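Dear colleague,

I am passing on the structure below, with some notes on its aromatic side chains for you to read alongside the coordinates.

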Amino acid sequence: MWSATEDNDGKVVQQGTEINTYILRLADVYLTYAEAILDKNPAEALKYVNLVRQRAGVNSLTSVTWQDVFEERIKEFAMEGQAWYEFTKLEYYDPAKAYSILSTQDRGTFRIYADQIPDPTLWEIEIPADDTTPRFFPVNESNFKIPIPSSELARAPNLRKPAVPYDFSAGN
């Protein structure tokens, strides 16, 4: 008699596998799309930002800017640890803005409590009465760039050279 373990050495059982499953939330798709088309079709971008806002039960916007989309992503994914990806994207296009936003955030001591577990809908932020000193930390390029490992530089010394622009229109 045949069994599933014969096909995969027992590595896939009861919906469990060694392969990562990537999940995109619909809000992520909508906001990515809105950001991508914002310059060419702001009305369409506004439609998709408002779909996310309507689902969240907040008022629709009447116009949309890149800043609106950025802030919407920060709010939408607030408790999911996704903000870092937004800041790395921002740092690529506008490093000074990314450094400024992060450097001016108060990193003081606080605790966050959910209203219910599982499926929280509200969070309470507590700042300890004995520790209210604001804490700010300078942010710069070194917070975003990871050096290329020396083993890779030894194998591929051209990685030490500056990047060369590429003309994607050549040959078309």
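One aromatic cluster is formed by Tyr30, Tyr33 and Tyr48. The model is a predicted one, in which local features need pLDDT of at least 70 and side-chain atom pairs count only at pLDDT 80 or more, while totals for chains, interfaces and linings use all residues. Residues are numbered from 1 along each chain as its sequence is written, and side-chain values use heavy atoms, with hydrogens and water left out.

Eight aromatic pairs turn up when the whole structure is searched (rings of Phe, Tyr and Trp, the last by its six-membered ring, pair if their centres lie within 6.5 Å; planes under 30 degrees apart count as stacked, over 60 as edge-to-face and the rest as tilted). Among them, Tyr30 and Tyr48 make an edge-to-face pair, because their ring centres are 5.0 Å apart and their planes stand at 65 degrees. Tyr30 belongs to helix H2 (residues 26–37) and Tyr48 to helix H3 (residues 42–56), so this pair ties together parts that are 18 residues apart in sequence (helices are DSSP runs of H or I with at least four residues, strands are runs of E with at least two, and both are numbered from the N terminus). Tyr30 is partly exposed at 22% relative accessibility, whereas Tyr48, at 17%, is buried (buried means under 20% relative accessible area, exposed over 50%, and partly exposed in between, with a 1.4 Å probe and protein chains only).

Tyr99 and Phe144 form a tilted pair, with 5.9 Å from centre to centre and 45 degrees between the planes. Since Tyr99 lies in helix H6 (residues 95–103) and Phe144 in the loop between strand S2 (123–126) and helix H7 (150–155), the pair ties together parts that are 45 residues apart in sequence. Tyr99 is buried at 17% relative accessible area, and Phe144 is buried at 13% relative accessibility.

Best regards
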